[in-house]
Amino acid sequence: MKSTSLILTLALSLTLAACGHAPKETLSNPSDIPMNKDFLQLAADRYSVRHFTSTPIEQEKIDLILQAAKLAPTAINSQPQKIYVLRSADAVSKANALSPCMYGAPHAFLVCCDEERACKRGADGSYGDIDCSIVLTHMLLEAANLSVGTCPVGYFDPTQVKEALSLPERMRPVLLIPFGYAADDAAPSDRHAASRPDDELVEYL
Ligand SMILES: Cc1cc2nc3c(=O)[nH]c(=O)nc-3n(C[C@H](O)[C@H](O)[C@H](O)COP(=O)(O)O)c2cc1C
């Protein structure tokens, strides 16, 4: 009898592990809801870095950030994003001239929306901005996961950016993401931890 229940317990553990639901010994929330605390910690730890070192980021890390971008959901999987990696001295110097918010970063991603690929929404709207926002959120979080600092930057003129980088007509720059290693004195701004009251942010209906 004892050995039967041992076998059953073992079989159950193996099944749970195979489903990715293996009980984690480190979990200890009151209701025992399985949750990945590491993810919330990562989300809380990410902040907009505004002072970078000039140390280049390893290609493997850039590849992983781009991989995270690729895994993002988009409307009907249209994947309208086009990510330019501004890495050459020329491209980075152009980025510095186009935005005051490069903060000394050695590189930047420019996330653009290819309007011809974006899923249409209503008569003249599109899901492009929403898709690109999700893509870049994946990038910010994977970068943080790799200890690569980022800052999402909207402070640039999209028309000037298009012109300076000779982007195709259908490409619309959405956000610039300077990235690199945070300088020793880089720190989250006061805004990082500021939060509106929960009842302004969430309402159960
Ligand atoms: C759409 C968007 C545009 C932003 N544009 C800029 C910008 O132009 N310059 C800048 O320094 N930070 C910019 N930020 C960063 C925000 O100021 C920052 O995310 C916010 O204050 C919260 O701080 P945290 O990122 O450190 O948590 C932008 C963020 C978003 C989401």
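Around the ligand sit 13 residues, the closest being S48, G154, Y155, R191 and H192; a residue counts as near if its C-beta atom, placed from the backbone, lies within 6 Å. That shell splits into seven nonpolar, four polar and two charged residues. Here Ala, Val, Leu, Ile, Met, Phe, Trp, Tyr, Cys and Pro are nonpolar, Asp, Glu, Lys and Arg are charged, and the others, Gly among them, are polar.

This is a predicted model, where local features need pLDDT of at least 70, side-chain atom pairs need 80 or more, and totals for chains, interfaces and linings use all residues. Numbering starts from 1 along each chain as its sequence is written.

**Overall build**
- The protein has eight helices and six strands, taken as DSSP runs (H or I, at least four residues; E, at least two) numbered from the N terminus.
- Buried residues make up 24% of the 205 residues, buried being 20 or more other C-beta atoms within 10 Å of a residue's own.

**The core**
- The largest nonpolar core has 36 residues, and A108, L110, V111, L136, M139, I177 and F179 touch the most other members; such a core joins buried Ala, Val, Leu, Ile, Met, Phe, Trp, Tyr and Cys residues through C-beta atoms within 7 Å.
- Elements giving two or more residues to this core are α3, α4 (89-98), β2 (107-114), α5 and β6 (171-180).

**Two packed helices**
- Helix α3 (residues 59-70) and helix α5 (residues 128-145) pack at about 145°, axes 8 Å apart; axes are lines fitted to C-alpha atoms over the stretch in contact, with angles from 0 to 180 degrees between N-to-C directions.
- In α3, L64, I65, A68 and A69 meet V135, H138, M139, E142 and A143 of α5, contact meaning C-beta atoms, placed from the backbone, within 7 Å.
- Those contact residues are seven nonpolar, one polar and one charged.

Note on methods:
Contact = placed C-beta atoms within 7 Å. Buried ≥ 20, exposed ≤ 12 C-beta atoms within 10 Å, placed from the backbone.
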